[in-house]
Amino acid sequence: ASLLPTHKDGVLHLNRPFFCFFASIAIWKFPKILQYSSFFGRKSINNIDMINEFLSYEFSQDFIARSSSFVEVANAADLIQRRQRSEFQDKIKGTLYDALKGNPDIVPSVLTLALNDAMTYDKATKSGGPNGSIRFSSEISRPENKELSPALTFLEEVKKEIDSYSKGGPISYADLIQCAAQSAVKSTFLASAIQKCGGNEEKGALLYRAFGSSGQWGLFDRQFGRSDAEQPDPEGRVPQWEKSSVQAMKDKFSAVGLGPRQLAVMSAFLGPDQSATEALLASDPEVSPWVQKYQRSRETVSQTDYEVDLITALTKLCSLGQQINYEAYSYPVQKVDLSKLKL
């Protein structure tokens, strides 16, 4: 007991044995204390300051050491969830690829479906966006969506297959629609490569893998975990693209944070006839240079400018106003009872 300091009248009294004991430890730790000391550089250091600094340093080191085990567990859980989500995404992409390959005529409608679901976003109220609200009958039946019902029905059938193998719950319509747009865009990239190879699918696939932009989808893939809206988005937020002037299109794109460049590169989303859409867009002096740029790019072997800019625009579109749940579609891992293993 004689080693311990005592308190009297609010003052800490150090006895000689305690101070000698503390000093011997402090000297051993002093290099580290100086490194982290908040009082280093003062002209004088009293005993109390040194004790406080020493104890706070020791506590912080102990806390870090103890908490590291929790961090390791958290990191391990995070890695497991990432792997689960990545594997699920890969399966989704395969399912969508096969479905679209068997129904190539549906591709333009799938692109417009994704665009119209996202274009309900309102910056002022932070509402709408790619939230799957277009699945509701009262929204899909609106004039701007009247030709998109077959695309929605098509995706509903794909959803059944995806949900059948999902271990982390059914895929949201919000995710499904945007992932379908991604697969549809990729299918157009691949079709262009095949065309440049004289219709040879094997050579076209090799060309796309060698020069394509598949490595540009990383940020899009991370926006996975959108939640479905519980009711239709308000009417009047999405124009009828085929009846709109270029100025009206520019105004709508501007309202969600996109510009003439994105309008030009997303021409395939605005109707079934991309050439006709681009001819209309080219009549506008602001949009025309971008239309020409992407037309020239599509004539090249790699069509890099067109593909990269389209991926970038779609990535921004697919995340408008969304709070991504990065734990979506993850699931508990079944624990292995080591006692039952036979070696």
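What you're looking at is a predicted model, where local features need pLDDT of at least 70 and side-chain atom pairs count only at pLDDT 80 or more, while totals for chains, interfaces and linings use all residues. Residues are numbered from 1 along each chain as its sequence is written, and side-chain values use heavy atoms, with hydrogens and water left out.

**The chain as a whole**

- There are 13 helices and two strands in the chain; these are DSSP runs numbered from the N terminus, with helices being H or I of at least four residues and strands E of at least two.
- Of the 343 residues, 41% count as buried, where buried means under 20% relative accessible area, exposed over 50%, and partly exposed in between, with a 1.4 Å probe and protein chains only.
- Take the contacts (heavy atoms within 4.5 Å) with a separation of 6 or more: 70% of them are between residues 24 or more positions apart.

**The nonpolar core**

- Nonpolar side chains tend to be buried together in soluble globular proteins.
- The largest nonpolar core in this model has 71 residues; a core is a set of buried Ala, Val, Leu, Ile, Met, Phe, Trp, Tyr and Cys residues joined through side-chain atoms within 4.5 Å.
- Helix α6 (residues 173–196) supplies the largest share of this core, with eleven residues.
- Ile92, Leu115, Met119, Phe253, Met266 and Leu317 are the residues with the most contacts inside the core.
- Leaving out residues up to four places away in sequence, Leu115 touches Trp241, Phe253, Met266, Phe269, Leu270 and Leu317.

**Around Thr112**

- Thr112 is part of helix α3 (residues 107–118), and its 9% relative accessibility is why it counts as buried.
- Beyond residues up to four places away in sequence, Thr112 touches Leu148, Trp241, Phe269, Leu270 and Gly271.

**Aromatic pairs and charges over rings**

- Rings of Phe, Tyr and Trp (its six-membered ring) pair if their centres lie within 6.5 Å; planes under 30 degrees apart count as stacked, over 60 as edge-to-face and the rest as tilted.
- That rule gives nine aromatic pairs.
- Phe88 and Tyr165 make an edge-to-face pair, because their ring centres are 6.4 Å apart and their planes sit at 80 degrees.
- This pair bridges distant parts of the chain, with Phe88 in helix α2 (residues 47–102) and Tyr165 in helix α5 (residues 149–165), 77 residues apart.
- Phe88 also pairs with Tyr329 in a tilted arrangement, at 5.2 Å centre to centre and 50 degrees between the planes.
- Here the two partners are 241 residues apart, as Tyr329 is in the segment after α13 (304–317).
- Phe88 counts as buried at 7% relative accessibility, and Tyr329 is buried with a relative accessible area of 7%.
- Phe88, Tyr165, Phe224 and Tyr329 form one aromatic cluster.
- Lys91 has its charged end over the ring of Tyr165, 4.1 Å from the ring centre; to count, NZ of Lys or CZ of Arg must be within 6 Å of the ring centre and within 35 degrees of the ring normal.

- α13 has 14 residues and reaches 20 Å from its first C-alpha to its last, close to the 20 Å expected at 1.5 Å a residue; the expected span is 1.5 Å times one less than the number of residues.
- Buried residues of α13 include Tyr306, Glu307, Leu310 and Ile311.
- Phe189 sits in helix α6 and counts as buried at 1% relative accessibility.
- Among the residues that Phe189 touches, not counting those up to four places away in sequence, are Tyr306, Glu307, Leu310 and Ile311, along with Tyr208 and Trp217.
- Phe189 and Glu307 are 118 residues apart along the chain, with 7.6 Å between their C-alpha atoms.

- Asp221 is in helix α8 and is buried, with a relative accessible area of 18%.
- Setting aside neighbours within four places in sequence, Asp221 contacts Gln89, Lys93 and Gln182.
- Glu230 lies in the loop between α8 (218–222) and α9 (246–255) and counts as exposed at 78% relative accessibility.
- Glu230 and Phe136 are 94 residues apart in sequence and 9.2 Å apart in space, C-alpha to C-alpha.
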